[in-house]
There are 2 protein chains.
Amino acid sequence: MAYHHGDLRRALLQGALELLGEGGPSALTLRGAARRAGVSPAAPYRHFTDKRELLAAVAEEGFLALDRHAEEEIERAGADPVQRFRCHGLAYVRFAIDHPAHYRVMFGPEIPDKRLYAALDAASRAAYDRLRDSLRACQQAGVIPEGDIEIRAVRAWALVHGLASLFIDGQLAGTGASEREEFLKMVDTIFSASS
Amino acid sequence: MAYHHGDLRRALLQGALELLGEGGPSALTLRGAARRAGVSPAAPYRHFTDKRELLAAVAEEGFLALDRHAEEEIERAGADPVQRFRCHGLAYVRFAIDHPAHYRVMFGPEIPDKRLYAALDAASRAAYDRLRDSLRACQQAGVIPEGDIEIRAVRAWALVHGLASLFIDGQLAGTGASEREEFLKMVDTIFSASS
DNA sequence: ACCTGAACACCGTTCAAGT
DNA sequence: ACCTGAACACCGTTCAAGT
């Protein structure tokens, strides 16, 4: 067991991510993660003060992955700031619908006050900052009207987050966007038109 | 005990709503609701097949309350369709931030497939349909461009849902909209500009 | 310093039994 | 027809004890 060398924390996080992927948020238990790591139910408490701290680590990992995905997609989009912003929005939504359980933990109520977890807060902010930067690039290129960048960034974030959430929660049945591909086409239409 | 007369279902729903209001989603337990109603832990199973069915009833109640609130607010707004639509959006967000726990159950992952619960599905659809009708009234008055009403309605819904969710989850700290009143002002600005 | 074993107070759910 | 009592397999969490 390599866990006696100090990487039990990593093993628990890994196990938690596996449980989440296999059975959704309700399958993500502290005891289950301990089982996966081959330790007793009490062992995690040497590395996390409680379950919320494990969830915060899982959420942090999610924001890092989301940000990495967004970065890759906007690089692939080329140099045009409008195209980059458009792909950024699509990348955000695609990440959410491809990892619905992880996305839910990132925004869910199980972590009540996210400002208490500095690393999570930083990761979350970095993802938002990148979206705002994509928008600012459009503004500096003169292709969208001037105005408060913060308000425009919040609108863009709310839009992609709202679209992704409604789709994940199955609320879009009957709107002509209940299937993945139709939905992404609708996201493209809506997001591109609202910069 | 009047519960022997057939209203235990109502009493359990009432107890569930109280628990939700007092301690959030994690406090909403089947056993807790049974305790509030003065019955044994097994009694609820005569009225709900499992916990999810109780949650679906709670969520249904939430959509009905949301729709009632929206109806009242747009009536108070007068006859101008633009004003009515604006107040509709604000009413939606205000309901969410005033009843965050209830709002979370309405959209949360504890109810996996909402189409399985007909009454919940109908209540949810009614709330959406009213928002779409508010938007259609603007279109018929000629104050917003023509075009696919469904797409515009989904955009409006995603926007208010996204804004409300981000606020409830505490994700808007640092954007100048972390307090209730600043936030609602921002919602007004964003929503009015994106019909 | 890090982990185990055993315990506590909770869950959701089932099922025989009572009225 | 509706509810109880007791049980089962789970949780999160604590704490003395082991190495």
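Ala, Val, Leu, Ile, Met, Phe, Trp, Tyr, Cys and Pro are counted here as nonpolar, Asp, Glu, Lys and Arg as charged, and the others, Gly among them, as polar. On this basis, the lining of the largest cavity comprises 10 nonpolar, 6 polar and 6 charged residues. The structure is a predicted model, and every value reported below is computed.

The relation between the protein chains is considered first. Two copies of a chain are related by a rotation about an axis and a shift along it. In the present model, chain B is superposed on chain A by a rotation of 180° with a shift of 0.0 Å along the axis, and the RMSD is 0.0 Å. This is the relation of a two-fold axis. Within chain B, the residue closest to the rotation axis is Gly162(B), with its C-alpha at 1.9 Å. Of the interface residues of chain B, 100% are also interface residues in chain A, so the copies meet through the same surface.

Rolling a probe the size of a water molecule over the atoms shows where empty space is left. The count is 3 cavities of 30 Å³ or more. The largest cavity holds about 360 Å³ of space. Its lining consists of 22 residues, and Phe107(A), Gly108(A), Asp169(A), Phe107(B) and Gly108(B) are the closest to the centre of the cavity. Both chains contribute helices to this lining: H5 (100-107) and H7 (149-168) of chain A, and H5 (100-107) and H7 (149-168) of chain B, each supply at least two residues. The largest share is that of H5(A), with 4 residues.

The second largest cavity has about 80 Å³ of space. Among the residues that line the second largest cavity are Phe63(B), Leu66(B), His88(B), Tyr92(B), Tyr128(B) and Trp157(B). At least two lining residues come from each of helix H3 (51-76), helix H4 (81-98) and helix H6 (118-140) of chain B. By class, the lining of the second largest cavity has 8 nonpolar, 2 polar and 1 charged.

The largest pocket contains about 800 Å³ of space. A total of 28 residues line the largest pocket, and those closest to its centre are Pro109(A), Glu110(A), Pro25(B), Ser26(B) and Glu110(B). Helix H3 (51-76) of chain A and helices H3 and H5 of chain B each give at least two residues to the lining of this pocket, with the largest share, 3 residues, coming from H3(B). The lining of the largest pocket divides into 13 nonpolar, 7 polar and 8 charged residues.

For the second largest pocket, the volume is about 200 Å³. Of the 19 residues in its lining, Asp121(A), Ser124(A), Arg125(A), Gln171(B) and Ala173(B) lie nearest the centre. Helix H6 (118-140) and H7 of chain A are the elements that give two or more residues to the lining of the second largest pocket. H6(A) provides the largest share, 7 residues. The class counts for the lining of the second largest pocket are 6 nonpolar, 5 polar and 8 charged.

Of the atoms of DNA strand C within 4 Å of the protein, 55% belong to sugar and phosphate. Phosphate oxygens of DNA strand C take part in several of the pairs found. One lies 2.7 Å from a backbone N or O atom of Ser40(A). Helix H2 (residues 30-37) of chain B gives the most to the surface near DNA strand C, namely 3 residues. This surface has 9 nonpolar, 4 polar and 5 charged residues.

DNA strand D is surrounded by 18 residues, and the closest are Leu30(A), Arg31(A), Lys51(A), Ser40(B) and His47(B). Sugar or phosphate supplies 53% of the atoms of DNA strand D within 4 Å of the protein, and bases supply the rest. A backbone N or O atom of Leu30(A) lies 2.9 Å from a phosphate oxygen of DNA strand D, and for a backbone N or O atom of Lys51(A) the distance to a phosphate oxygen is 2.9 Å. In chain B, an N or O atom in the side chain of His47(B) is 2.9 Å from a phosphate oxygen of DNA strand D. The largest share of the surface near DNA strand D, 3 residues, is that of helix H2 (residues 30-37) of chain A. The surface near DNA strand D has 9 nonpolar, 4 polar and 5 charged residues.

Methods
Residues numbered from 1 in each chain as written. Chains lettered and ligands numbered in written order. Predicted model: local features only at pLDDT ≥ 70, side-chain atom pairs only at ≥ 80, totals over all residues. Heavy atoms only, no water. Near = heavy atom within 4 Å. Polar contact = N/O pair within 3.5 Å; in protein donor to acceptor, adjacent residues only side chain to side chain. 1 Å grid on protein atoms, 1.4 Å probe; cavity = no way out; pocket = protein on both sides within 12 Å on 5 of 7 lines; lining within 4 Å. Points joined across faces, edges and corners; volume = space filled by probe spheres on them. Least-squares fit on C-alpha atoms with pLDDT ≥ 70 in both. Contact = heavy atoms within 4.5 Å.
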